[in-house]
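Have a look first, then ask away.

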Amino acid sequence: MLSSETVVWIEERVKNIYPKNKLEASLQALSQFLDLTDDNNRSIATIMEGMRNATDQQKPLLLREFADIERFMKDLLKLVQPSLLSSSPSGFREWTLRPLYTQAFHLFEETDNLSSLNLKELLENGSDNRPYYQRYFHRVYRFRNPISHGENVVLTPDDVLNVTASMLVCELHLCYTKRDAIARLWDQRDAWDAFHREDYCRKITQAYDALCKQGFGYLDVHWYADSDANTTGLTIDSLRRQTSDHLLKLLGEAGTGKSTSLKQMEYLMAKELAGKSRGMIPVLIELGHLSDEDRPVLSRAARQLNIGESRLSVLLTGGNIFLLLDGFNEILDLMLKKKIAKELELLAARYPASRILLTDRALARATIPTLPQARRLYLSPITMQARQEYFRRNCPDATVRELILNKTEEDPAYFESLDTPLKLKQLVDVAVSTHTVPEDLLHSYVQLLMEREQNEKKDPNIEYLNVFLQALALQFQDEFSMLKAQKQLAKCKMALGYTQPDTLQCLKLALDMGLLVSEETNVLRFASPEYQEYFACEAEASDLISVLD
């Protein structure tokens with residue numbers, strides 16, 4: 001049985017489709033269809049009884065009434081089984097032509113799954129023990145062959161009534177057997193009607209264009225699966241188009257391009273969807289910004305699409321949603337992280353037709369596993385050609401761009417360590433700021449970060465940040481708690497005789513600048529092993545070790 005919401009929705013659409021003088025008959029057809037829920041098919045029996053007992057004066061009225069009902073049922077069937085129907089006929093003579101009989105033939109064969117031989121035997125048998133819809137199909141079939149071969153068969157009013165009634169019974173039966181498909185289809189239409197596709201796609205493309213104007217640099221990196229022998233991989237958009245994986249994971253450390261790849265995919269999918277009436281809807285969610293709700297991911301997705309969760313569920317069921325979930329590692333609250341991991345497992349199981357792409361740290365750092373069945377993807381080695389293309393597209397200063405490109409030709413070994421999009425961006429930032437290609441990129445980049453932060457925030461704590469990070473690098477190589485970090489900085493502060501710096505604020509600054517990262521509540525680590533090694537070397541060079549000892 002259809003849900004009450006679906007019934008109301010159908011009634012509203014019927015009012016919009018049919019003129020007032022046909023509305024009553026159309027709604028009657030709907031009510032008869034909705035009543036087909038008991039085993040003895042009472043409503044169809046009632047319909048047929050009225051047709052058998054009709055007088056000559058009642059037959060024209062019945063023909064007009066069933067003409068409207070027939071039209072309504074065809075509109076239903078066009079949506080559910082469009083291959084079985086051609087355009088709606090305009091009169092009784094067209095009504096009895098080949099398309100309708102062909103429809104009835106396929107309807108009967110599909111419903112009962114009969115072979116041609118069994119169908120022939122059944123038609124020749126003519127037993128009254130057959131189900132009602134088979135008997136009435138037989139009545140339609142009697143007219144099928146001569147009319148489908150172009151013979152001018154003259155139909156009496158009784159013949160027309162019989163054929164019309166028989167077609168109605170067949171269509172009512174098909175609508176009944178396909179009622180779940182009809183409900184799903186109307187729910188899909190309702191969900192798409194509620195979703196403002198053009199506005200949604202426009203907001204995504206405009207936001208992406210604004211990012212590009214602000215200096216957002218995208219490198220079309222390749223990703224390869226851990227099961228692939230060839231690590232050349234595919235771009236993120238090629239993965240979407242050329243693979244059918246229901247679940248995908250982009251895994252890697254900070255700066256490998258996971259977040260920017262998702263932004264690029266969202267943008268490309270939105271541009272594609274904007275030109276279609278329907279398609280796959282990209283929904284990009286930054287997991288680190290979710291709050292502790294009953295279903296955090298579904299709730300956020302429904303708000304972004306500006307539709308209710310029930311309609312979102314319909315779109316997910318229909319395979320119309322591509323969830324782009326960024327930064328599972330950035331969920332700091334451990335309990336919330338477990339809740340989201342469980343929700344993702346449920347989403348993956350409940351909606352296999354839609355797709356999910358999740359970004360996370362490499363598995364070695366994954367403290368809470370999720371979607372273990374997903375296809376795991378890693379950054380492919382960046383070619384020199386790709387590096388050069390990045391510099392051409394993202395270096396705004398023509399002179400500096402030429403400097404860097406010349407360096408790629410003269411000293412390709414220099415770029416071997418620049419193996420992530422973030423490092424390429426760092427080189428561009430430093431080179432544009434200093435108008436040189438630095439020999440020690442990491443040192444130059446850290447100094448540039450410190451200077452920018454000082455100029456922008458005017459925070460006096462930045463003056464002490466470098467030495468505090470050196471102290472942390474000497475003490476910790478892996479993860480460390482916020483409490484241990486503060487103790488180490490308090491020790492450093494006392495040893496150096498500092499009075500002003502706020503150690504907690506220094507840690508927050510390091511997190512904001514991306515030098516430290518936090519993947520669990522109150523648990524820190526250096527954003528990359530290179531940063532930890534850099535600050536440890538700086539500590540040795542400044543003899544901080546002896547001061548702290």
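Q: What covers the buried residues of α14?

A: Buried means under 20% relative accessible area, with exposed over 50% and partly exposed in between (1.4 Å probe, protein chains only). Contact means heavy atoms within 4.5 Å. Here, the cover over α14's buried residues includes α11 (197-213), β4, α15 (309-317), β5 and α16 (334-350). Helices (H or I, at least four residues) and strands (E, at least two) are DSSP runs, numbered from the N terminus.

Before going on: this is a predicted model, where local features need pLDDT of at least 70 and side-chain atom pairs count only at pLDDT 80 or more, while totals for chains, interfaces and linings use all residues. Residues are numbered from 1 along each chain as its sequence is written, and side-chain values use heavy atoms, leaving out hydrogens and water.

Q: How many residues of α14 are buried?

A: Eight of the ten residues in α14 (residues 296-305) are buried, so the helix is largely enclosed by the rest of the structure. Among them are P296, V297, R300 and L305.

Q: At what angle do the axes of α14 and α15 cross?

A: Axes are lines fitted to C-alpha atoms, for helices over the stretch in contact, and angles run from 0 to 180 degrees between N-to-C directions. These two axes come within 9 Å and cross at roughly 95 degrees. That makes α14 roughly perpendicular to α15 (65 to 115 degrees; under 35 is roughly parallel, over 145 roughly antiparallel, the rest oblique).

Q: Which residues meet there?

A: From α14, L298, S299, A301, A302 and L305 meet E309, L312 and L316 of α15. By type, the contact has six nonpolar residues, one polar and one charged. Ala, Val, Leu, Ile, Met, Phe, Trp, Tyr, Cys and Pro count as nonpolar, Asp, Glu, Lys and Arg as charged, and the others, Gly among them, as polar.

Q: What is the strand order in the sheet?

A: Two strands pair if DSSP finds at least two bridges between them. The seven strands form an open sheet with mixed pairing, ordered β2-β1-β7-β3-β6-β5-β4. At the edges, β2 (234-235) and β4 (281-286) each have a single partner strand, so one side of each lacks a neighbour in the sheet.
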